[in-house]
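Subject: Structure handover

Hello,

Here is the structure for you to look at. My notes on it follow below.

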Amino acid sequence: MNSAITRVLVTPFSQCERNKSLLLKGGVAYLSEICISRDDDMTSRRINNTVRRRRRRAASPQQLVVCGNFFEHSRRCLPPRGDQIMAEAGFGVLLLFCCLLSGLVYYINSCFENGDETKTRERPNFIIILADDIGWGDLWTTPFDGTTPWLNMLKLEGKRFTDFHSPASTCSPSRAALLTGRHGLRNGVTHNFAEGSVGGLPLNETTFAQLLHDAGYYTAMIGKWHLGHNGFDYYLGIPYSNDMGCTDKPGFDLPSCLPCEQSKHSRKRGGCHTKIALPLFENQTIVEQPLDLWDLTGQYAKAAVSQIFTARNRGQSFLLYVALAHMHVPLFHSGFLNVTEKDAYSASLSDMDSLVGSIKLATEAFSMENTLIWFTGDNGPWEQKCQFAGSSGPFVGRWQISRGGGSAKRTTWEGGHRVPTVVTWPGKISPNTTSKALLSGLDIFPTILSLAGVEPPSDRHYDGLDITNVLLHDSDSGHKSLMHPNSGAAGQFGDLQTVRLGRHKAFYITGGAEACGGGSGKPELHDPPLLFDLYKDEAEESPLDPTSEEYQTVLKEVEREREALLWDIATDNTSTADYTITHAAVPCCQPDNPACRCHRVE
């Protein structure tokens, strides 16, 4: 059997014309690496004939360049197993065929001999893409920015939210709240889990993934979990942040970390985790330790496309939750790019964009037009990483930085939790629109359940809103008030001591996280609270005069809203997470090997 491995890349036609080389310099979207059999079936022969007719230059059967929408390059590989042919070969070859000459992605169904069309599903598919440590100012703030063409396309095709907030300003609490629609004081997750944490999200908490699965959805997750156990139908990813373990080829970080081979006898030095290698899990099995950061985007893209294809073949609506390693340090990017430390963040941002593009193209190629894509972030940028951190845009927390410390990740200043967000759904959400509604990642839970016709458990209370009217009917009615939990810079983890009320924001406690170059702002309690008018002072520089009539009027409403929520939490069905840590819980596939080293068996 004559077989080949094909790497499919996406590039604009103009870039193709400028650079006929297969090694693109940027704007690359990795769709998949696929094994195909040239003699597999009639469809394969038909595709190969079509491809041959459309070659732009003479090439051997193992090399082909197609300018316009795709570059394709083939090299020999081992004969594929039967399951790989279904999960990889079929969709990969058909995807290439259906996208050859035009700037559009055609329905993959038109490539099949029988011409059958995918049945229209009444229930939508959901793709939730969660970027890590991304700044509000990283996306959509500069006209004609070519760094993120796919995310720019999502904005043009969907609705951008400019006042959207992560549920917390650090990893685990934000993700737990997003998945459950409940603040950490309810779901029990108030701060991050460690590599050796015994517990995770409490088992009596219910995620939207579990509810959709029980309602007949196919559920898959790719990326960073950071919540202990995982209950998806399919999972590929890292159990925690990508800086919580060593790799052989470290990414960009501050301080720079050593590779595993040079640090196998050490533990944690200068912020670097060096004793245990970073693992890659597939379902419950470690398939690679240490993983290759520089290959991670390709692996995630391949898995995402494969899972969309699996759901399509099963005839099921699906949920795909993609929790990216981008833009968390250590930064990494496509192997096609050769960049310096100065350009590392931009290169990683472009790499993230390519992965988003791969997922978007797959939904179109597989006739998944009834798919809602929701892109957002888990918290703001990690300022202490300096040139390897993102931008908060105008939300700089000037009151805090004038007193020391950073005002982004781990804080309740706007830069810590205001995140870039866009939602698309072809034919449902008005394209190229913007909403100023006050919204939160807490709203994802009730909204997608509502759109799927699934009821959440009635034995607990929720903090998110069903924003269907905002998405579909251009309403700007969001939260009247929104609480921002303490996330490490000041106060008790999870306590709700920062309150957003319309245009105003009240701080009962302030504190700065570690800033670039060191230094943090000491925690300060405020009674009465600091009160800012964000419409006039988005930089949070000058609080209102406590003696003013505006201050007194707003303060009364702030206190009512906060007291009502705290009482509701006190009388709710709440959970407690187990934060016990033991070395035995650290993921390790080969304890006898340095850094637990093992690799996938092909």
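**Met352 and the cores**

Leaving out residues up to four places away in sequence, Met352 touches Ala131, Ile134, Leu151, Leu324, His326, Met327 and Phe375. Contact means heavy atoms within 4.5 Å.

Before going on, the ground rules. This is a predicted model, where local features need pLDDT of at least 70, side-chain atom pairs count only at pLDDT 80 or more, and totals for chains, interfaces and linings use all residues. Residues are numbered from 1 along each chain as its sequence is written, and side-chain values use heavy atoms, with hydrogens and water left out.

Met352 belongs to the largest nonpolar core, which has 56 residues. A nonpolar core is a set of buried Ala, Val, Leu, Ile, Met, Phe, Trp, Tyr and Cys residues joined through side-chain atoms within 4.5 Å. Buried means under 20% relative accessible area, exposed over 50%, partly exposed in between (1.4 Å probe, protein chains only). Ile129, Ile308, Leu320, Met352, Ile359 and Phe375 have the most contacts inside this core. Elements that each supply at least two of its residues include β5 (125-131), α4 (149-157), β14 (318-323) and β15 (371-377). Helices (H or I, at least four residues) and strands (E, at least two) are DSSP runs, numbered from the N terminus. Helix α8 gives the most to the core, with 10 residues. Another core, of 46 residues, lies apart from it; Phe164, Leu201, Phe281 and Ala577 are among its members.

**The α8/α9 pair**

Helix α8 (residues 293-314) packs with helix α9 (residues 344-365) at an angle of about 15 degrees, and their axes are 9 Å apart. Axes are lines fitted to C-alpha atoms, for helices over the stretch in contact; angles run from 0 to 180 degrees between N-to-C directions. The two helices are therefore roughly parallel (angles under 35 degrees). On the α8 side, Thr297, Tyr300, Ala301, Ala304, Val305 and Ile308 take part. They meet Asp351, Ser354, Leu355, Ser358, Ile359, Ala362 and Thr363 in α9.

**Asp533**

Is Asp533 buried or exposed? Asp533 counts as buried, at 3% relative accessibility. Asp533 is found in strand β22 (residues 524-533). Neighbours within four places aside, Asp533 is in contact with Arg503, His504, Leu544 and Glu550.

**Whole chain**

The protein chain has 14 helices and 22 strands. Of its 602 residues, 60% are buried. Among contacts between residues at least 6 apart in sequence, 73% join residues at least 24 apart.

Best wishes

Terms used. Angles under 35 degrees count as roughly parallel, over 145 as roughly antiparallel, 65 to 115 as roughly perpendicular and the rest as oblique.
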